[in-house]
Every structure is written in structure tokens, then in C-alpha cells.
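Student: Hi! Could we go through this one together?
Tutor: Happy to, here it is.

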Amino acid sequence: MNVRLLKSTPDPEKTIALAAKLCYSDSDIGGLEERLAGEETGRFIEGIVAMGHHSVLEHASFTFGIEGISRATSHQLVRHRLASYSQQSQRYVRAGGDAEYVTPDSIASRSDLKRRFDGAVTALYSLYGELVDAGVPAEDARYLLPNAACTKIIVTMNARELLHFFRLRCCERAQWEIRRMATAMLSLVKELAPTVFADAGPACVRGPCSEGAMSCGRPDEIRRKFRSLGEDRP
């Protein structure tokens, strides 16, 4: 899995603070910009987030390039509707000769099962290649490809939607692959907007666990993990 931050709103926290201040000021935008240049925006944003004025977070957006995730995970990802997606097409792009797929750790850790899993997936890719070579359109041959097949996708979300996304997908109850992807995404945006994403992550980072009886039972450990996320980045 490879997750990169391709682009973001320049100085995202300043943009958010400017939008928030405009709501409560009779000053023009130029005047607000000048005042912001000499102000500490972090504390102001903390207050805005705490009071629930989250609409201003939508003015900051982040674009990610994600490679090496499975189709099983991309199908979960695109259920988040307040986002933009561009995904490599299996209809127009022929799968390569070498099978590219994701193997879950629960299978990779057991040599006998991994051997059978690899054999089955490789056989599917081999037959896929035979079908395409025989003139079957890639859009039809792709019906053979498994959920494990790797894909590439570019994703853009605003800060408000990212907070919602992280709340759901960084949770221990989320499926392992999308949880790893979401955690990598959070680590990247936390560097650019540390105040906005200071308490980002599953629900237990900011308050009580939202999973009830299905809780992992490790809220203190999870809080420490996400509050320190990104601190070891160079």
C-alpha cells in the first residue's frame, strides 16, 4: 500500500480561520487576512471545532494518491459520498501479466493457506489473460478478477469529511486494510493541519467509544496511538 498526499489547500488552517472569522465580522476579507497574519490561528480553530462550527472546515481540501489497495477496500472507500474519486478502470485498462493482489495477514501467516490462495488468484489472472488474448473485451474478462485485485485511486476530501471518515475507518472495528489506509492518510494531513486533526481518529480519541458492546476495550491505548500519530515523521 502506498498513500501520498498529492495536493492540499495552501495553508489550510489559515483558510479555515479566515472563513470562520468572516462569519462574525463586519470587516472586509482583505482586512481579515491582514489581521490573521499577526494572529495565532491554532487556538481560534480549537474553539471553532469545539463549538461545532464545522462547516468552515469544508474550505480546506486534501487530495491523496493511493496505490496497492484491494478492490475490496476501494469499494468501502467510495461509500463516503462527500468526496471525489478517480479510479483506474478495469474496463479500459488491461490487468498486467503479473498478478497484483492483496493477501490478508490472516492468510499470509499460514503457509499452506497462502500457497492455495496464491495459486487460486494466479489461476484467475492467467485465465483472464487468455480471455483477453482470445478477443474477449477487458470489460468482460474482468468479471474473473477477485476482490483481492489491486487498484489505484485518487481521492479528494475536505477537512470536515475527513474527520468523519477517520472517525469511522480508523476504528479497530473497521476492516483492517481500510483502517491502515485511513491511518496513513491521517498521519499525512496532521502534519499540514495539526490543530484541525489534533483529536482526529476513532470516536474514543475525543470521547467515549461509539461501538458499545462491540468495543475493542482499549480506549487508552487507541487515544495514545492517534494523539502521537505523525510525531516520528522526519
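Tutor: A quick term before we start: buried means under 20% relative accessible area, exposed over 50%, and partly exposed in between, with a 1.4 Å probe and protein chains only. This is a predicted model, where local features need pLDDT of at least 70, side-chain atom pairs count only at pLDDT 80 or more, and totals for chains, interfaces and linings use all residues. Residues are numbered from 1 along each chain as its sequence is written, and side-chain values use heavy atoms, with hydrogens and water left out.

Student: What share of the protein chain counts as buried?
Tutor: It is 40% of the 234 residues.

Student: And how many helices and strands are there?
Tutor: The protein chain has 10 helices and 4 strands. Helices (H or I, at least four residues) and strands (E, at least two) are DSSP runs, numbered from the N terminus.

Student: Let's look at α9. Which of its residues are buried?
Tutor: They are E177, I178, R179, M181, A182, T183, M185, L186, S187, L188, V189 and K190. That is 12 of the 17 residues, so α9 is largely enclosed by the rest of the structure.

Student: What covers them?
Tutor: The cover includes β1 (2-8), β2 (61-70), α4 (71-77), α8 and α10 (219-227).

Student: How do α8 and α9 cross?
Tutor: The axes of α8 (residues 159-169) and α9 (residues 176-192) come within 9 Å and cross at roughly 140 degrees. That makes α8 oblique to α9. Angles under 35 degrees count as roughly parallel, over 145 as roughly antiparallel, 65 to 115 as roughly perpendicular and the rest as oblique. Axes here are lines fitted to C-alpha atoms, for helices over the stretch in contact, and angles run from 0 to 180 degrees between N-to-C directions.

Student: Which residues meet there?
Tutor: From α8, L162, F165, F166 and R169 meet I178, R179, M181, A182, M185, L186 and V189 of α9. Contact means heavy atoms within 4.5 Å. By class, this contact of α8 with α9 has 9 nonpolar, no polar and 2 charged residues.

Student: Who touches whom in α1 and α3?
Tutor: E13, A17, A20 and K21 of α1 meet T41, F44, I45 and I48 of α3. The contact of α1 with α3 has 5 nonpolar, 1 polar and 2 charged residues.

Definitions and conventions:
Nonpolar A, V, L, I, M, F, W, Y, C, P; charged D, E, K, R; others polar.
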